[in-house]
Amino acid sequence: MHTTFSGDFLLGAATAAHQVEGNNTKSDLWAMEHMVHTSFEEPSGIACDHYHRYPEDIKLMKQAGLTCYRFSIEWARVEPEEGVFDKKEISHYRDVIRCCKENGIEPVVTLHHFSSPKWLITKGGWEADTTPEDFAAYVRVLMKELGSELSWICTINEANMGLQVAEIAERYKKQMMAKMQRSGQDSSVQMGMNLEKMMQQQKEAAKETLEVFGTPKCENFTSPRTEHGDEIVQRAHILARKVIRELAPQAKVGLTLSLHDVQALPGGEEFAAGIWEREFLRYLPIMQEDDFLGVQNYTRSVYDQNGLCTVPEGTECTQMGYEFYPEGLGHVLRRVAQDFHKDLFVTENGIATEDDSRRIAYLSRALSGVQDCIRDGLPVRGYTYWSLLDNFEWQKGYSMKFGLIAVDRKTMERTPKESLSYLGSYAGGRA
Ligand code: GCO
């Protein structure tokens, strides 16, 4: 049997508004999901109807023994038109916060989790110099209304995601080129034929984007980010933190980062160091005045002299194609603690799998790593598993099963998995 965490350690699960609530119709992602040139497998639709069923979901967490719930407030609901704030939606989130507290569950609130109001994209989205102030204005309204109820606030989920996407896009382009050259095709002719088709599709997509968003490029939060765009994201965090300090001084503030357990094989050290700089080190300056860092880890990434290594044949992988590697979490906590000397909070860690026994095995090893870190003096204050519910995994739709609770896509009926009570058994003070 495993040891439990101390009573003041926050143990729970995480969701994001767009992935679970349903009918986020004023958001950029809703518009993107319904375009002819969409990259989404399916639209989010009603999602898990968490917007209406959150009382039932929070009760299931309580019954399992969880003590915190990380969820996001949807900007597109709160400010559907620029400068127009919907009091009904703010009141909805006040009800969710209160429901958590009535069930002895600490709310950990994220103010931006990938989705944005559609109007923000029309203004240039996460490459526009106006976005940090627009974000701060939204945060100001939220803090005036809800700030006094909160103790833990994540400003922006995975502030480094845009640069990671840009990295992946670059790597994919190189792989495509190398593949064409390796196959001996005359890439210029082959590229010419494909390029024409690709260019045609890109032109049509840009035309549709112009019609839908009023701008030819949809710079949503998970688009490939430029260096300038990354500065905009960082500035948005700084302005939001300033507002929170002013209006909710009791709350602990931080951002969350998507952090791989970056490992180097001989010859891969330079690649690995570059990745770590872009994923983590570059954000240290803006985090100095934060209270905590939200660490989000799922697996490891290994680099050799040629760059990112593919996962060896026969290695156990998750539905997402990640290596099954729960030890990555403990490694990342130790690594960030070398440079970031404030509280740490595991705001996402989990596995997409149909086999709940593998989720339990993953949890066992990941939580053991967290307990070892705490035993060695690292200030880890909480852990929220991704995710509470099987939900909308962005462009992959509903095919990925991250949840501790299954959701019937037709009836919305919840079925807790064994892993939910297994996670709850780690809560402080339980045998
Ligand atoms: C992310 C997001 C979550 C994902 C989760 C599983 O890290 O991409 O925070 O919204 O659904 O990580 O991929």
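Hi everyone, let's start with the fold: this chain has 15 helices and 13 strands, where helices (H or I, at least four residues) and strands (E, at least two) are DSSP runs numbered from the N terminus. Its radius of gyration is 21 Å, close to the 22 Å that the globule rule gives for 431 residues, so the chain is as compact as a globular protein of that length. That radius is taken over C-alpha atoms, and the rule is 2.2 Å times the number of residues to the power 0.38.

Before going on, a word on the source: this is a predicted model, where local features need pLDDT of at least 70 and side-chain atom pairs count only at pLDDT 80 or more, while totals for chains, interfaces and linings use all residues. Residues are numbered from 1 along each chain as its sequence is written, and side-chain values use heavy atoms, with hydrogens and water left out.

Back to the whole chain. Along the principal axes, the C-alpha atoms fill a box of roughly 65 × 55 × 45 Å. Of the 431 residues, 56% are buried, meaning under 20% relative accessible area with a 1.4 Å probe, protein chains only. How far apart in sequence are the contacting residues? Taking contact as heavy atoms within 4.5 Å, and counting pairs at least 6 apart in sequence, 80% join residues at least 24 apart.

Next, some backbone details to look at on screen. Most residues other than glycine have a negative phi, and most peptide bonds are trans. Where is the cis bond here? It joins W386 and S387, with omega about 15°, and S387 lies in the loop between strand 11 (380–386) and strand 12 (405–407).

Then there is E158, with a positive phi near 50°. E158 sits in the loop between strand 4 (152–156) and helix 8 (161–182). Is E158 buried or exposed? Buried, at 5% relative accessible area.

Finally, M412 has a positive phi near 70°, in the loop between strand 12 and strand 13 (414–416). M412 also counts as buried, at 3% relative accessibility. Thanks, everyone!

Technical notes: Buried < 20%, exposed > 50% of the residue type's maximum accessible area, 1.4 Å probe, protein only.
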